[in-house]
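Work through the two exercises below with the structure open. Each task is followed by a solution in steps.

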Amino acid sequence: MQISLTKVSDVKKLSVRVILVGQQKSGKQNKLKMDDVSKETTELIEAAAKAGEFEGKANECQLYRNANLEGATHLLFVGLGDTKAIDEETLRSAAGTTFKALTSVKAASSAVSLDQITGFAKSGAQAFVEGLQLSDYSMDEYKTAKDKKQKTMKLSLLYSKAPNATLKKQITSAETIAECVNFSKRLGDLPGNKMTPEILANEVVNAAKGTKLKVTVWDKARIKKERFGGLMGVNLGSANDPRFIIMKYTGNPSTKKHVAFVGKGLTFDAGGISIKPSAGMDEMRYDMCGGANVIGTLLAVAKLGLKVNVVGYVPSTENMLGGLATKPGDILTFRNGKTAEVLNTDAEGRLILADGLSYASEQKPAAIVDAATLTGAMVVALGNTYTGFFTTDEKVRGKVEEAGKESGENVWAMPIHKDHHSDMKGQFADLSNISSFRGAGSSTAAAFLSNFVGEGIPYVHFDIAGTAWNCGNRLSYVPPKGATGCMIRTFVELAKKL
Ligand code: BES
Ligand code: MN
Ligand code: ZN
């Protein structure tokens, strides 16, 4: 979608004018609130409310054809719900609803009042533009009979008083972030044969062109030489070679201080010898979303030109069942010298992250953040509403919660207890890759990972297994099925805070 700022008086004939409508509730009374519209339009909306056709509830929408008001052929009313409860996420969500409605009527040109959006929430403009551009994504690269390609839709953000620099910055930031999130969604949506570790690495190299991002890619020989025993071990059953992708962004050259992001880049997880059941196994294409979202974060930070230093690390492989595949009981030695017995080859994410975290720690970062579709237990615990995060650092916990509030992404703190650590002790090696005790599968996985973070480095692990895809039933601006690019928005905020 092409979004531009337009002065109200310059607006030419539009196909659709979007009107955001809030509810002002006091006692039993419920008055509708919409600004910047003519008396006729107000009357039309109020008549619709009286007739029970449109009440202004959040995400309710109603198209009035051929109304010929507000310089447009059709009017689209989009509800925001109770004005006291409207925040940035309300607007992001309303934008998703707006995008769907505009698409379904093939609106070539549309407009919405910017003053109205900013009147409802401080960073409303950023949220609304994010909602629109995040909605403008679909994976149809492999559909030969493409839907008749719709001409690019144009939407004007109407202003009466020239927008200030802050507002313009909100809009360009939203465009950049949405572009990077959509880039990551594509990486996630492509299936195992179209997104191998090698292809993933090439995508990163290409995407970084023209940015200040320095990309280094290690091949199998280098990974072996660097003693990445976890990544090598998981890759043994696969005919496709692994990669280790390093992305470096120096936005503040005056200091060595940097934040490390590590992402699980499992391009397809069949489970290995401890093979997964076949129903829904295709969804394990999404097992590289942690990696994809770390890549999206690094791209976003670079394109936004943030004055911070950030390094991203993505260990990438498939988890397959070839003749040389790691067998239950096999012992692996990781980059930091620790050993683990692999009692279940399907608990592979922690094995490749172990090397990534060890290596990241050697570079002495100010903090390490990781993202991984790590455990089914996370999906059971929090579903697709919250991303669970694990940290034992109270300060970091506070910062993550703040970052989540700012990005509009839901995060929930989960525990790592010393019991979870003892559950992960090995019999024949330092560690076991699965717990000796039933339950708390996400916490024991997090405890395992902590073993690979250097002493004293603040660390937070995000288990995105529930939120990395199929969140379309919750979020209007995410496709019903497919990758979400979750946590990129939060990580961009975190990069500034840690
Ligand atoms: N990639 C999966 C986790 C997963 C499962 C993500 C379902 C999203 C949906 C991970 O590699 C895995 O298989 N984990 C196992 C660990 C177990 C064997 C300890 C799991 O959660 O079942
Ligand atoms: Mn697995
Ligand atoms: Zn996995």
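**Exercise 1: the ligand site**

Ligand 1 sits in the second largest pocket of this predicted model.

Task: Which residues come nearest to ligand 1, and which class counts describe its shell?

Solution. 
- Step 1. There are 16 residues around ligand 1, and the nearest of them are Lys-276, Asp-287, Asp-346, Glu-348 and Gly-376.
- Step 2. Sorted by class, the shell comprises 7 charged, 5 nonpolar and 4 polar residues.

Solution. The cut-off for a polar contact is 3.5 Å between N or O atoms.
- Step 1. Lys-264 places a polar side-chain atom 3.2 Å from an oxygen atom of ligand 1.
- Step 2. A side-chain N or O atom of Asp-346 lies 2.8 Å from an oxygen atom of ligand 1.
- Step 3. On its own, ligand 1 has 520 Å² of accessible area, and the protein covers 76% of this.

**Exercise 2: a sheet**

Task: In what order do the 3 strands of the open sheet lie, and which are the edge strands?

Solution. 
- Step 1. The order is β13-β14-β18, with mixed pairing.
- Step 2. β13 (331-333) and β18 (431-432) each pair on one side only, so they are the edge strands.
- Step 3. Between β13 and β14 (residues 339-341) there are 3 bridges, in the antiparallel sense.
- Step 4. Ile-331 has Glu-341 in β14 as its bridge partner.

How values were computed: Residues numbered from 1 in each chain as written. Chains lettered and ligands numbered in written order. Predicted model: local features only at pLDDT ≥ 70, side-chain atom pairs only at ≥ 80, totals over all residues. Heavy atoms only, no water. Near = heavy atom within 4 Å. Polar contact = N/O pair within 3.5 Å; in protein donor to acceptor, adjacent residues only side chain to side chain. Areas by Shrake-Rupley, 256 points an atom, 1.4 Å probe, with all protein chains shown as cover. 1 Å grid on protein atoms, 1.4 Å probe; cavity = no way out; pocket = protein on both sides within 12 Å on 5 of 7 lines; lining within 4 Å. Sits in = over half its atoms within 2 Å of the grid points. Nonpolar A, V, L, I, M, F, W, Y, C, P; charged D, E, K, R; others polar. Pairing = 2+ DSSP bridges. Helix = DSSP H or I, 4+ residues; strand = E, 2+ residues; numbered from the N terminus.
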